Amino acid sequence: MIPFSIPANFASGIADGSLIRFGAIIKDAGSGSIVAHLQETGVSQQLLSNTVSLPFSPISAASSLGANVQLAALTNMMAVMQMLQFATLGATLIGVGVSVAGFKAMSTRFDQVQSQISSLSDNVNQHFQELKARDYRSHQSRVKSLLEQADLAYSYSNSTSEWIRISHALADEAGFYQGEIQYLLSLDVFDEQLFQTFTQLYTICNSARIKCLMLADELLAARDISKATSNQYNFLFDPLTPITLAKQSINLIHKTDQPYEHLLRQELMNTKQLVSSMREVQDTAATRPLLLDTLIERNISGQAFFERLESEKIEPILCLDTTL
Amino acid sequence: MFWFKKKTGVTSDKQVVKNKAITVAQSNNLNSLSLRRNVLDWKDKHITNIELHLRREITSLMQAIDYELDKLSVIDSTFKTRKIHANIIQPLINEWTQRESSHLLDDAQKELFSLHGIVIDQIEYTSEIDEHNSKAHFVDAATAASLGVAGVVAIPAFSSASLVSTGGLFGLFATTTLSLPITATSILVIGALFAVSGFKMTSIKEKAIKRYREQLHSSIKDSVLGVSGKGNLSLSEQLQIRILTASNYIINEVDE
């Protein structure tokens, strides 16, 4: 039995400061030791699956979502995240704990995000002109195919080797999107929409890689890749600063009558939110290897872990209690 | 990050005192992650603050300069221009630059020290931990931060500004002050106009002062904020580089 408890059990400790939430863990403020690992469930993934830009939004933005999501359940999830003192939904971009999104859901999300690229082509961006649409379609097809293969692997008599193979192939695709993000950030202009799009595609590939390895019960490898991924996120996102991105965003605006100072403050509001989300992503990614350490230490198999989380019907986030 | 480097050590400790060893490793790791995040937040906050603060406060410098220019007599503005620039304008610029730089860097320094204070407290709190396993990392991180400060000071980031040493290496940022290289230029045109025409002095003076004022404003704005995007590093960029360098140095040490 996996020792899960509900976040409400830690609410008073977080409120009085004796417990602190950092990334996807709750730690004891005094000793600094881990009290619980936060872990999203299937409920969380269902709620967030149709909201492409949500990971870059503040918690309060959830209330403005359309009727296509279960508003009451989503409101409950936001309340839990607020209680846990998440400032943004950045953590949901890579999954709180490890991503429990099904491979089909990942594939759907990948298509949704990828479709944004064609709409972005309306922007007259010099750098976008240089990008090759055929390359993007090729990588999109490849990732989609891999996610479908990963979903099919459940029915194999020996799924393990298949999931490991798919994980390796997804690493190449993640590398492609990482390169695109690096390129975007090396430009004098900053296209926030394109950055968000590539970041989501990149993180989907990484989440799927780790999930494949966990399903194959290669938890040590999953931990090592989580660590490497965290380092890659730090490498990419450490240099971001709100003011630099705001100034680069203004470079993208071609004609405006508004004074520079006004534009700067306007852009700064967006880029502060974006950087805050990316910091949340980094923290969550950094604490993921600790969750995998706990699973290894307690002999909890990857498959059993996902089965329990996917079967959860009420709580969007559960806590793997390390004190039990 | 430390957890992989210390994997073997943690495993062997676990065999001896199981629960304690795991708690210690997690605690160290989490402390370093928290410090890392705090330093990134510190960097984001102060790099942004420098830009916004200078954009806001540059108007006070402009107003002070305008006030002095308005007081000039025809004779002063015609024959004593270099002296005026050297004795009135440049000191105003220097005083403002030093005051604002000190304010911004002192503010950043205070907050950075408070972050280090957290780490030092944690070292004391976990003093029972085996030194080789954990404590040394935080001592190193704290020491590196201090060394990083000295390293920051030594970085020749001031290609466009003159350096004025103000004392020993007591502070992270306050050891050097900046002055902007604004030079006296177009006010000299008044002399030429006076020699040619000899009348309409008030109008000529006003025009010349206006032109000088505009050039001075533009030059100061470029030197402070780098609005043209050309030439040497602006004051804002130089101050931001100091924050960035300190942040990178500490994060590199924490990550090792």
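This is a predicted model: local features need pLDDT of at least 70, side-chain atom pairs count only at pLDDT 80 or more; totals for chains, interfaces and linings use all residues.
Residues are numbered from 1 along each chain as its sequence is written, chains are lettered from A and ligands numbered from 1 in the order in which they are written, and side-chain values use heavy atoms, with hydrogens and water left out.

Strands are DSSP runs of E with at least two residues, helices are runs of H or I with at least four, and both are numbered from the N terminus; two strands pair if DSSP finds at least two bridges between them. Strand β5 (residues 317-321) of chain A is mostly covered, with 5 of its 5 residues buried (under 20% relative accessible area, 1.4 Å probe, protein chains only; exposed is over 50% and partly exposed lies in between). On one side of β5(A) the buried residues are A:I317, A:C319 and A:D321, and on the other A:L318 and A:L320. Strand β1 (residues 4-5) of chain A runs antiparallel to β5(A) and is joined to it by 2 bridges, with A:S5 opposite A:C319. Strand β4 (residues 34-40) of chain A pairs with β5(A) over 5 bridges, also in the antiparallel sense, and A:H37 stands opposite A:L320.

The axes of helix α10 (residues 219-237) and helix α12 (residues 260-297) of chain A come within 9 Å and cross at roughly 165°. Axes are lines fitted to C-alpha atoms, for helices over the stretch in contact, and angles run from 0 to 180 degrees between N-to-C directions. The crossing angle therefore makes α10(A) roughly antiparallel to α12(A) (over 145 degrees). Residues in contact (heavy atoms within 4.5 Å) include A:Y233 and A:F237 of α10(A) and A:P289 and A:L292 of α12(A).

Leaving aside neighbours within four places in sequence, A:T203 is in contact with A:L93, A:I94 and A:Y233. A:Y233 is also one of the α10(A) residues in the contact with α12(A).

Terms used. Angles under 35 degrees count as roughly parallel, over 145 as roughly antiparallel, 65 to 115 as roughly perpendicular and the rest as oblique.
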